[in-house]
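Here is a short briefing on side-chain contacts and overall make-up. Please keep the model open while you read.

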Amino acid sequence: ISVKLSFSQDIHFSQNFIDRVHLNPSLIGEMTKNNYRISLQRKSQWQSVSVPFSTFSSTFEMKNIYKNVNIGIQFFNDKSGTSSINLNQLNIGVSRSFTLSNISKIGFGGVVGIAQKNISYENLLFETEENFLINNLSYFDLGLGAYYKNNHQNRFWSLGYSIYHLNNPNISFNNDESVDLPLKSNLFLKVDYPHSRKLLIHSELIVTKQSSQKEIIFGIKPDFELKNIIVSPLSYYRFNDAIILGFGIKKNNLQANLTYDINMSDLSIASNNKSGFEFSIIYLWKKKKKEIKLKESICPKYL
């Protein structure tokens, strides 16, 4: 009798406020002053331990395309280590918000994705011969999310919950075995506090659970409004894993963020407390207003 156990986790970014499709699909299209949002995000980690793990994501969001319905389209690629496990996934999400009162609203969203995953065995060594039948696979992926937002005493706070892999897709490279991708849930609490006219403080707590794995992250990101730009130093802590330090800058509709994970887990001995950089860029813009052309009319002359 041989027993084989393996554990893994979904891709995840340190800059959770950028990757909204993976945080909660009900947040898709949540924009106050703009109608369109495009974001690019890349994370590289574990270069000091092994072949680097890298993740790239690009997302395009459109607000109110039809009766307050928002849509988001995302593509991401994740490449993992020596085995070059490569995951490509295209996600399409929709969301809809409802106003409850002049200070509160709720939102719901869903996402469907199609994924393609492959692996290379060339650089791997096995104690016994392994009869892998395939080196690539494809599957569908489903997720749902909801949030509640409220403005209480000049403090904007929101609470959200999402769940992914509702269809438990099979991710096994062996046709004779079935390995289901376990459900993953996200619970987040965010508070935005305008301390002054030129200082807005963002704070958030995110709890992620997938099978036996649990991740808790909390932090703060103040926005300082200077003459022509907004600067945003940030500090987050991922429990028993890493300290995340970073810096963001925003001018007009363009925003860029850079963060670095300082590893504090048991792997810190091998990693020398190094983890990886993450970079993101966001651009938002408004829908062009249609120009109304007035027809000229000649005033009739009266005798």
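Lys221 lies over the face of Phe17, 5.2 Å from the ring centre. A charge counts as over a ring if NZ of Lys or CZ of Arg is within 6 Å of the ring centre and within 35 degrees of the ring normal. This is a predicted model: local features need pLDDT of at least 70, side-chain atom pairs count only at pLDDT 80 or more, and totals for chains, interfaces and linings use all residues. Residues are numbered from 1 along each chain as its sequence is written, and side-chain values use heavy atoms, with hydrogens and water left out.

**Charges over rings**
- The charged end of Lys184 sits over the ring of Tyr164, at 5.1 Å from its centre.

**Salt bridges**
- The structure holds 10 salt bridges (a side-chain nitrogen of Lys or Arg within 4 Å of a carboxyl oxygen of Asp or Glu).
- Glu215 bridges to Arg238, with the closest N and O atoms 3.5 Å apart.
- That pair links distant parts of the chain: Glu215 is in strand β10 (residues 213–225) and Arg238 in strand β11 (residues 230–238), 23 residues apart.
- Glu215 is buried at 18% relative accessible area, and Arg238 is buried at 4% (buried means under 20%, exposed over 50%, partly exposed in between, with a 1.4 Å probe and protein chains only).
- Lys221 also pairs with Asp223, closest N and O atoms 3.3 Å apart; both Asp223 and Lys221 are buried.
- Asp241 bridges to Arg238 at 2.9 Å between the closest N and O atoms.
- Shared partners join Lys43, Glu215, Arg238, Asp241, Asp261 and Glu278 into one salt-bridge network.

**Aromatic pairs**
- Rings of Phe, Tyr and Trp (its six-membered ring) pair if their centres lie within 6.5 Å; planes under 30 degrees apart count as stacked, over 60 as edge-to-face and the rest as tilted.
- By this rule there are 10 aromatic pairs.
- Phe60 and Trp285 are stacked, 6.2 Å centre to centre with 25° between the planes.
- Phe60 lies in strand β2 (residues 53–66) and Trp285 in strand β14 (residues 274–285), so the pair ties together parts 225 residues apart in sequence.
- Both are partly exposed: Phe60 has a relative accessible area of 24%, and Trp285 has 27%.
- Ring pairs link Tyr36, Phe60, Tyr283 and Trp285 into a cluster.

**Whole protein**
- The protein has 2 helices and 14 strands (DSSP runs numbered from the N terminus: helices H or I, at least four residues; strands E, at least two).
- Buried residues make up 39% of the 303 residues.
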